[in-house]
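Hi there,

Here is the structure I promised to pass on. Have a look at it first, and my notes follow below.

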Amino acid sequence: MKKTILFIAAVTFALSSCTPAEAETAEEPPRLLHTAFSLTEEDLPELTSGLPEEVAEKITARPEYFLQLIRDISPWSSELTILVNKETGLSSSYIPEDIVALDDYSSSLVLSRGGHRLRALVLPALLAMTEEAAQEGLDLMISSCYRSYDYQEGLYNRYVARDGQEAADRYSARPGMSQHQLGTVIDFGDITNAFADTAPGQWLHENAWRFGFSLSYPRGMESYTGYMWESWHYRYIGRDAAILEREFFSGIQERMLRYLNDKSSLLEAALLP
Ligand SMILES: [Zn+2]
């Protein structure tokens with residue numbers, strides 16, 4: 001009998017120690033925007049600060065998808081999304097280690113001349129893209145790829161001597177400021193905007209993203225990118241980044257790369273182990 005009374009007392013105590021009112025106010029852990037990051041809704045303003053409203057709205061509407069792409073891109077450690085523009089450049093000693101000669105692939109690629117070089121990590125996507133275009137009877141002619149710092153310096157200086165610095169800056173990068181130094185950029189066709197109206201030019205415009213390539217200097221964006229429209233200049237950024245650019249950044253590579261560059265440490269710090 002004594003035992004039963006004690007038991008009832010213990011149960012009553014256990015039940016009374018957590019009243020319904022207390023249960024309601026108990027803190028639930030804030031829901032994460034993505035399981036790989038310690039980011040919650042409260043972090044959205046910081047995550048989207050500095051972006052145009054339409055981009056911020058897209059991220060706020062689909063944070064899970066956005067962060068999934070970010071995780072796969074890993075901008076904090078990837079060389080594919082390094083920002084290279086008129087303000088942020090590469091040092092003269094930046095030379096990719098995996099540069100290969102495209103002459104070794106001349107049976108699969110269409111080359112404007114001998115001597116083109118590119119990073120090996122771009123090759124699988126380039127070969128697959130060339131193969132698919134060929135299936136449709138189109139030649140993606142490669143006209144310019146990797147350029148060293150020194151080569152770009154000579155090129156820029158020649159343009160300045162010919163057209164003056166102001167004009168040269170609209171179409172040519174200063175040494176260290178060229179995406180071509182990355183070894184992940186390809187100029188296609190005849191390197192004029194007549195390329196945009198050719199069948200290969202139109203095909204690339206529609207399909208390059210599927211292989212991870214992105215048009216660096218789109219039409220009508222000169223005031224933002226600093227470069228006039230270059231319908232021939234594609235940078236390999238990887239498929240996830242190409243999707244991110246299309247889905248969230250209105251197809252504007254420069255805007256996405258600036259964002260990834262700005263937020264890279266915030267995102268890396270939020271990575272869960
Ligand atoms: Zn180019």
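What percentage of the 273 residues in the protein chain is made up of buried residues? The figure is 31%. Please keep in mind that this is a predicted model.

First, the chain as a whole. Its secondary structure comes to 12 helices and 9 strands. The radius of gyration is 26 Å, well over the 19 Å that the globule rule gives for 273 residues, so the chain is more spread out than a compact globule. You can also see this in your viewer: along its principal axes, the C-alpha trace spans about 105 × 40 × 35 Å. As for contacts, if you take those with a separation of 6 or more, 67% are accounted for by residues 24 or more positions apart.

Helix 5 covers residues 63-73 and helix 11 covers residues 239-248. Their axes come within 9 Å and cross at roughly 150°. Angles over 145 degrees count as roughly antiparallel, and helix 5 and helix 11 are therefore roughly antiparallel to each other. The crossing of the two is left-handed.

Which residues meet there? From helix 5 there are Phe66, Leu69, Asp72 and Ile73, and they meet Asp240, Ala241, Ile243, Leu244 and Phe248 in helix 11. By class, this contact has 7 nonpolar and 2 charged residues, with no polar ones. The two aspartates, Asp72 in helix 5 and Asp240 in helix 11, are among the residues that meet.

Methods: Residues are numbered from 1 along each chain as its sequence is written. This is a predicted model: local features need pLDDT of at least 70, side-chain atom pairs count only at pLDDT 80 or more; totals for chains, interfaces and linings use all residues. Axes are lines fitted to C-alpha atoms, for helices over the stretch in contact, and angles run from 0 to 180 degrees between N-to-C directions. Helices (H or I, at least four residues) and strands (E, at least two) are DSSP runs, numbered from the N terminus. Angles under 35 degrees count as roughly parallel, over 145 as roughly antiparallel, 65 to 115 as roughly perpendicular and the rest as oblique. A crossing is left-handed if the near helix is turned anticlockwise from the far one by less than a right angle, and right-handed if clockwise. Two residues are in contact if their C-beta atoms, placed from the backbone, lie within 7 Å. Ala, Val, Leu, Ile, Met, Phe, Trp, Tyr, Cys and Pro count as nonpolar, Asp, Glu, Lys and Arg as charged, and the others, Gly among them, as polar. The radius of gyration is taken over C-alpha atoms; the globule rule is 2.2 Å times the number of residues to the power 0.38. A residue is buried if 20 or more other C-beta atoms lie within 10 Å of its own, exposed if 12 or fewer, and partly exposed in between; C-beta atoms are placed from the backbone.
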